[in-house]
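Colleague: I would like to learn how to read packing and ring features in a model. Could we go through them one at a time?
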Amino acid sequence: MNHLYITHPLNGLLCLSLGIGLGIYLIRRFKISGHLWWIGAATFVLSQVGHLPFNLLVLNPLIEKYSGALPGPLHIPLIALILGLSAGVFEEFTRYAVYRWWIKAARSWSQGLLFGAGHGGLEAILIGGLSLYTFIQLVSLKNVDLSTIVPANYLTLAQEQVSWYWSMPWYDSLLGGVERLFTIPLHLSAALLVLLAFTRRQFRWMWLAVGLHTLVDALAVYLSQIISIYAAELAIAILALLEIGLIIYLRRHMPETAVDLPITPAPTWSPVTIQEIPETPETLEETRYQKV
């Protein structure tokens, strides 16, 4: 039996379980509202609304136009850095905007974690869903004559893709889920760094989040091109350990859970007794000229 029939869907299920399971765990562990997970997921979508068109319409044409002018040794590193910076700026500044204008009350360590889990979680869910959809499609095409359904000018490419999909090493088919496992700590730590820009009123934490995001993405692109995808995954795994350490460190320097302000009960109302003044000629004469 071809092990890829197991590992391909397992890869998709791993992505889905990471994206959903972490959110459920954080909600139950810290007893906080799950709406922050959904807002984090919406933040990922909002960041891509600007990020993807910018890369497609602006960044990629500029890279194609001027990449030939770059010195050979700097060609791939600079492109990796530019692509990483693009992702870091769009995703972290979107996070910053959501903190500032949407979730102004979310200022604790646990809330920042759940917010970041929604951002990275939706990305994992989308990748997992796409992986499962691809598996279903290619199972149905495995024994089909592609020339009957694919245009002639795309036939060779389609045949190569189907052949590659069913002949890759089984461990390669799990790289998507493994990468999500190593990437989610980035979103958790970056969400906390951006939050520090508000809790400490220092914008430098925002740039630190952008720098961390840029480093992870740029290193992944560079190593996958220069060495191998395995070297890139190893580097992301090492950075993930450092990011987890940062998350644990920040726990001691931020409120762990949402702080509810004490509610002071309203004073109990009681009628005030007014002493009656007897109506005599003297008292009437005294009150005649008093202002009311």
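Modeller: Start with contact, which means heavy atoms within 4.5 Å. Keep in mind that this is a predicted model.

Colleague: Which residues of helix 6 meet helix 8?

Modeller: On the helix 6 side, the residues include Leu175, Glu179, Phe182, Pro185, Leu192 and Leu196. Their counterparts in helix 8 include Ile229, Tyr230, Glu233, Ala240, Ile247 and Leu250. Sorted by class, this contact has 17 nonpolar, two polar and three charged residues.

Colleague: At what angle do helix 6 and helix 8 pack?

Modeller: The angle is about 35 degrees, and the axes are 8 Å apart. Helix 6 spans residues 175-199 and helix 8 spans residues 229-251. Their crossing is left-handed.

Colleague: Now a single residue. Why does Thr43 count as buried?

Modeller: Buried means under 20% relative accessible area. Thr43 has 0% relative accessibility, so Thr43 counts as buried. Thr43 belongs to helix 2, residues 35-66. Leaving out residues up to four places away in sequence, Thr43 touches Thr94, Arg95, Val98, Phe115 and His119.

Colleague: How is a pair of aromatic rings described?

Modeller: By the distance of the centres and the angle of the planes. This structure holds 16 aromatic pairs. One cluster, linked by ring pairs, consists of Phe93, Tyr96, Tyr99, Phe115, Phe198, Phe203 and Trp207.

Colleague: Which ring does the charged end of Arg107 sit over?

Modeller: That of Phe198, at 4.7 Å from the ring's centre. Elsewhere, Arg29 lies over the face of Phe30, 4.8 Å from the ring centre.

Conventions. Residues are numbered from 1 along each chain as its sequence is written. This is a predicted model: local features need pLDDT of at least 70, side-chain atom pairs count only at pLDDT 80 or more; totals for chains, interfaces and linings use all residues. Side-chain values use heavy atoms; hydrogens and water are left out. Axes are lines fitted to C-alpha atoms, for helices over the stretch in contact, and angles run from 0 to 180 degrees between N-to-C directions. Helices (H or I, at least four residues) and strands (E, at least two) are DSSP runs, numbered from the N terminus. A crossing is left-handed if the near helix is turned anticlockwise from the far one by less than a right angle, and right-handed if clockwise. Ala, Val, Leu, Ile, Met, Phe, Trp, Tyr, Cys and Pro count as nonpolar, Asp, Glu, Lys and Arg as charged, and the others, Gly among them, as polar. Buried means under 20% relative accessible area, exposed over 50%, partly exposed in between (1.4 Å probe, protein chains only). Rings of Phe, Tyr and Trp (its six-membered ring) pair if their centres lie within 6.5 Å; planes under 30 degrees apart count as stacked, over 60 as edge-to-face and the rest as tilted. A charge sits over a ring if NZ of Lys or CZ of Arg is within 6 Å of the ring centre and within 35 degrees of the ring normal.
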